[in-house]
Structure formats: structure tokens, C-alpha cells
2 protein chains.
Amino acid sequence: MSRNVLARVHVGCARLLEGGFVAEIAVGDYRYTTESHLQRFIASILEKNGVRAEDAAIVGKVLTASDLRGIESHGAARLESYYVSRIRNKQLNPTPEVTVLQETPASLAVDGDNGLGHPVAYRTMQAIIEKAKSNGSAFGTVRSSNHFGIAGFYAMMALEHDMIGIASTNSVRYGAPTFGRSVMLGTNPLAFAIPSAVEPHFVFDFATTTVPRGKLEVYKRKELPLKDGWAIDADGHPTTDPDAALKGALLPLGGFGTEHGGHKGFGLGLLVDLLCGVLGGGAFANALPLPNSAPQSGAISHFFGAIRIDGFRDPSAFKQDVAAALTEFRESAKVPGAERIYVAGEIEYENTLKYRANGVPIHQKVWSTLEALAKEYSVDFFA
Amino acid sequence: MSRNVLARVHVGCARLLEGGFVAEIAVGDYRYTTESHLQRFIASILEKNGVRAEDAAIVGKVLTASDLRGIESHGAARLESYYVSRIRNKQLNPTPEVTVLQETPASLAVDGDNGLGHPVAYRTMQAIIEKAKSNGSAFGTVRSSNHFGIAGFYAMMALEHDMIGIASTNSVRYGAPTFGRSVMLGTNPLAFAIPSAVEPHFVFDFATTTVPRGKLEVYKRKELPLKDGWAIDADGHPTTDPDAALKGALLPLGGFGTEHGGHKGFGLGLLVDLLCGVLGGGAFANALPLPNSAPQSGAISHFFGAIRIDGFRDPSAFKQDVAAALTEFRESAKVPGAERIYVAGEIEYENTLKYRANGVPIHQKVWSTLEALAKEYSVDFFA
């Protein structure tokens, strides 16, 4: 296996395991379906759980886009574990009445009424894009929401409108601040999408912790020591022991202390909590739920933005220059053993092309949960 | 010395040395002046170099703010080395004719005509804030500019208007992309300022490389090995040898490869280059100058933004919640040995209070360069 392939697998795994829901997934052992089948199936199962058809279709679209991009942790793998189970447990409202808290030509603040995150996120980003068309730029917040899938999906909605798209969300708590040992920060992803004349566009979607919690679980199962800078134990000591880390906290991007820039990752995570939780008027800091805490409605908040490119330059010339910049980086000299340099969004774009041509891979373990749902709800399985 | 003080010094040094211009500064050996004396002195020297009085006053204000915040690398230390020397070498235009390239109610794109970065940055941020007052949010770009000091200064201009401020700049090249060994990325700082009901506000101003180049120079002088993840050598191998690193490249926040999130730091650095260089219509990627390259006019670009808080929530309630969030983090449980948790902007705020009360410290070596300038240009020295 060449270093290139290794690097690719490495980057892929980091994304695959973000969130930790398919931590048990091994290479191989995949079944395949199509984009439209998967979208319809997800929507059908949610409809059977009382979700409105138009909302269910949006969730189907967002989860399928995640699997298409190779981010399996945020796709169909979460249908049962995150969404259906929470509706059944009455932790999540299948028929929310979304309300507008505040609105101007440049802004929209809504309350998601503890519904699924995807529909309210999708519609808020749509509204923000419409506002930006007439206003030049616009921003939106959503509070009282739930997990919305991949942040990048919503940022990417701006691309076809020649706008820069921004999307972010706070999350349940997994991480500690720099020099702190309290678990009080989510993985708090930030996503930026910038259009290029030649695909892939720049789609930069990243968690502000160094690694996701799922990565600790994988290392535990494999009985491997963690890398420095990933986690602390419950007492706040840096640790490479997966068991100790799972009882402790994730570290911000940059790791422990300030030596490797951990205070920058902490700043990014806190920025996200201020833009989502505080600006959105929702929960923030210690008021956010812990992963295994009791049902807590409306705890998650999102932030969205869209900025028209033609306020600054001709969009065609801009997109040509973006393509040129991305090409310069991709084609620059590599470190020994590396064959490729990836820019943000490139691996996911290549996955999408491949999976559209050859089928969307669904791991056997996820496939089984889908089959069980199909049987339980008498829905045709990928038919 | 307690762990608290050590942690504090550590964070302080990271900032102190950002940029590497006062890399020789040791603890102690300081002289003291006042904010107004330093502002006036800097302005006088620049006026003697042909800079218009109103422009020189802005530079005095920005550089002094940097020293007041304890970011000595970006303050008076650069007056001779960065600004006066470049004007004398005809690398920088002391009397630029700034032109508007494009303007809408939501946007402003200007060309700085190779002048000092501070005046054009200050006026663009002022204009963006005015636009945001009527438009809800607004963004601006500047191309053909030069080093503008601390990004945080411009982001902070939004605070008193109950807006979120954003400022960023690309820079001369010091860093390599993930899996690459070409020096093609600046330190590319990003700054966000969010107002709090109780100072300090959230002022998050960070370079997107793990450490600044100046830190490598300090370690070389002290004959200390670098930390992992700071730099690569010219062949692209990770190195802890300062000499090899100085001939190589800085690594993005997160370090070498993807194991510690280096691809996230690379994504942030590239994001800045796209928002500044490409959106601004200026130079980007390999077209940016190297630190020691021949004079290259107009190579640096900036990006600014302002977003009104009252589009989403009552600003007073928002600022109360920001204060509550920052307090929660500051007061959370510490790791063993640490006495304080700092949120972004807190150390700089405390420095400002202290230096306003006790005088602004200027290192003896910098003081000597200022004394020499005073003599050369017959300007009263801090009188």
C-alpha cells in the first residue's frame, strides 16, 4: 500500500469516525445502494415515525449526501441510533412548529421546537440565501434544534448562487477548554464553502476538537495507545490510555496546553458556542447536554451565513482564481512518501463521483439496522 | 514560580513572539512610556518619512494598541524594521491613492496602492461598520496593501457598535500545506471580536500556523530542540532542529500530517488566502512574497466583516449571556497545577489595564531603535 493510499485512508478514517457512531466499521464488508433509493428509504422510515413528508425528504437528502461524500458516521448510520430512537423515546418532536424569533432583511433567528435539525437548518439556509440575494449578505440562527448532520451540506447550498456559505452548530459536550478539565465544549464544527470554476469547490468542514470521541473508542477496541494531544483523563492529566480518556475529555485542536496551539482550538470551539448557542438564544456551555444525559429539549443551536461574491469581484473571475489557487496547492511539492496533497472537500468530491457511478457503500452493520427498520415499519427495503 | 505564572508566561510568549521581530527580547530590561507619548512618537517619525498626518496617526494608534495589549512583536518594535525601512527602500508608498474597486450597500473592495496597511484597514473597517448599521451586515476587502499590525484591532472596532467584528489578512509566505513541503502559506491570522456585558470582550486573534517563525529563531538561539509538529525541513521531513526548520517551513495548526488535525490548520490558512487574496483580487498562494524576496508592491490583502447583533437578539441580553459563558469557562475546574483558564482576549485586556496604569513597557532593544529614529529625524523622544 503506497504512502498516498495510506494518507488517503488516514484522512478518510478521521472523517469516517467523526461522531463515533460507526466506530465498529472495518474496511470491507460493505453493501451498496443508490442515492435515490437511500434518500427514499430514509424518508419513508421517518414518515412512519410521524415526521412530515417534506421534512423527511430533507433528512433523506442530507444523510444520503453524507454517505455519498464518504462521511459514513453522519449518514444512514445515524437513522436508527440518533433520529428514530429519539423520536420513539419522545426526546425529539417529529412535528415541530418552527417559529421566527426575529427577522430583518439581513437576519433570521428561529426556534426549532425540538424537531429534527436537518429540515429547520435547510430552510433557514435557504431563507438566508434568498435574503443575501437582495441584501448582499445575511446570517441566521436556529435554537431548540437537534443534530443536523454534516455542517458542510448547508454551507454548500450557497455554492450554486455564487455565494460563500457558512454553517456551524454546537453539540453535546465532549471537550475541555485549555488548562481546564470540565467537559463543557462540543465538537462544534465550522464549515465554509467557496465556489471554484472547476470542481471540487473549497468545502472546509471541521470539528474544533483534535479528534472525535469515536476515535478514542476505536483505539480502545484495538488496544492501541492514543496519540499525544487527543485527550485528558478525568483529573485533567494528558493521557494516551483510551479507557482513561473516555472517562475524561477531548482536547481542542492543537492539543493540551498552549505549546501546540491548543488555545487556538479552544478559541474556535468557544467562537462556535457564542455564534450558535448565545447568538441563537439557546443553551450554551454547561447548559448543553452531555452525551448520555436525560432528554433535554431544544439544547442544540446552529449558525448560518451567505455572502455574495459579486459585491467584491466578478464571480467568474473569482472562481477562476479559486480554481487556480486550489490547483497550485494540489500540485505543489510533496513531503517524502506522499503522492497527493488534498484541499478541503476534494476527497469527499471524489467519493461522490465514485459512489454515484458504483453505488453508495453502506457497511453491513448499518445495513442490518436499516433492514430491521424496513421490517419493523413494513417499508420496502431499497426497492 | 507557580504553574499559573508559568502558564501565563507561556501564553504571553507565544503572542510576544508572533511574527518573530522581537525574538531577542528577554524578560526584564524594559523601559516605560505612556500610550499617548508612544502614539505621537510613532506618528511623528512616519510623518517625517512623508506619511500624511492622518495616516500616521492611525499607525501610531494601531501599533501602540499592540504594545498595550502585550503583543510586543506587532508594536513599536516594527516601526523601523517593517515600516520606516520599507518606505526608505521605496518598497512601500507613503502617500498612496486608495481606490474603490467595487461598492454595494453590503460590500466594499478597495486597492491600497501599496501604502501602509493600517490606515486603509482602519478606514475600510470603519466603512464596513457604517454599512452594517444600515444593512445589517457588511464585508470588505483590501488588496495591494502591506502588513497591517494586529488583526484583532480592526475586529475590535465593531465592539462598541454592538456588532461582531471579523478581520483577517494573508501575509508573506512561511508555511507549507499538509503533506506538502513548498512554502506557500502565510501565518494568515483570523480575528473575531464579540462584545460582552463585562470586559474582557471575546477577542480571538490567532495565526493559522502552529507557531510563528520567530519562535524557531528563539529556540535556535537558546540551542533548544523544537517541539513536534512545529516545522519541517527543506526536504519535507518533520524536524525538531531549529536550523533545519528555518530552512524549511512552518506547519499549520495541528502539525504534520493529519494525525493531530494538521489538515484543519491548513484548511484555515487556505480559507484566509481565499477570503483575502482571492476575494480581494490581490496576490495569492505562490504569488505572495517570501520574507526576503525583492520588493513586491501590493502583495498583501485583507478581509473585514461586521454583523449587527440586534438582527438576532436584544444586544443587552446577548452581551449578558456572553459574559455568563466566558465566566463559566474561566471558573471551570482546572487541570492539576493550573490556577487560571483564560478566554481569548483576557490576557491582552489585563495587560492593557496594567500598562495604562503603570506605563507601556518597551524592551531596551526596541527603545534604542526608537531613540535612534528620534535623533535621525530630530523628533523629541517621548516628550
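A residue counts as buried here if 20 or more other C-beta atoms lie within 10 Å of its own, with C-beta atoms placed from the backbone. The model is predicted, and that definition can be applied at once to helix α7 of chain A, which spans residues 213–221. Its buried residues are Arg213(A), Lys215(A), Leu216(A), Val218(A) and Tyr219(A). The cover over the buried residues of α7(A) includes strand β8 (231–232), helix α8 (242–246) and strand β9 (249–250) of chain A. After α7(A) comes Glu223(A), which has a positive phi, near 55°.

In chain B, seven strands make up an open sheet with mixed pairing, in the order β2-β3-β4-β10-β5-β6-β7. Its edges are β2 (99–104) and β7 (202–206) of chain B, each of which pairs on one side only. From one strand to the next the twist averages 10°. Helix α5 of chain B, residues 117–135, lies across β3 (107–111), β4 (137–145), β5 (163–169) and β10 (300–308) of that chain. Relative to β4(B), the helix runs at about 160°.

Both Ala191(B) and Asp205(B) are in contact with Ala155(B). Other contacts of Ala155(B), leaving aside neighbours within four places in sequence, include Gly165(B), Ile166(B), Ala167(B), Phe192(B), Ala193(B) and Val203(B). The largest nonpolar core has 242 residues, and the members that touch the most others are Ala155(A) and Ala155(B). In soluble globular proteins, nonpolar side chains tend to be buried together.

How are the two chains related? Chain A superposes on chain B by a rotation of 180° with 0.0 Å of shift along the axis, at an RMSD of 0.0 Å. The two copies are therefore related as by a two-fold rotation axis. Gly254(A) is the residue of chain A that comes closest to this axis, its C-alpha being at 2.6 Å.

The contact between the chains takes 74 residues from chain A and 74 residues from chain B. On the side of chain A that touches chain B, the elements giving two or more residues include α1 (3–16), β2 (99–104), β7 (202–206) and α10 (315–330) of chain A. Helix α9(A) gives the most, with eight residues. By type, this side of chain A divides into 38 nonpolar, 26 polar and 10 charged residues. The copies meet through the same surface, because 100% of the interface residues of chain A are also interface residues in chain B.

Definitions and conventions. Residues are numbered from 1 along each chain as its sequence is written. Chains are lettered from A and ligands numbered from 1 in the order in which they are written. This is a predicted model: local features need pLDDT of at least 70, side-chain atom pairs count only at pLDDT 80 or more; totals for chains, interfaces and linings use all residues. A nonpolar core is a set of buried Ala, Val, Leu, Ile, Met, Phe, Trp, Tyr and Cys residues joined through C-beta atoms within 7 Å. A residue is buried if 20 or more other C-beta atoms lie within 10 Å of its own, exposed if 12 or fewer, and partly exposed in between; C-beta atoms are placed from the backbone. Two residues are in contact if their C-beta atoms, placed from the backbone, lie within 7 Å. Two strands pair if DSSP finds at least two bridges between them. Helices (H or I, at least four residues) and strands (E, at least two) are DSSP runs, numbered from the N terminus. Axes are lines fitted to C-alpha atoms, for helices over the stretch in contact, and angles run from 0 to 180 degrees between N-to-C directions. Copies are superposed by least squares on the C-alpha atoms of residues with pLDDT of at least 70 in both. Ala, Val, Leu, Ile, Met, Phe, Trp, Tyr, Cys and Pro count as nonpolar, Asp, Glu, Lys and Arg as charged, and the others, Gly among them, as polar.
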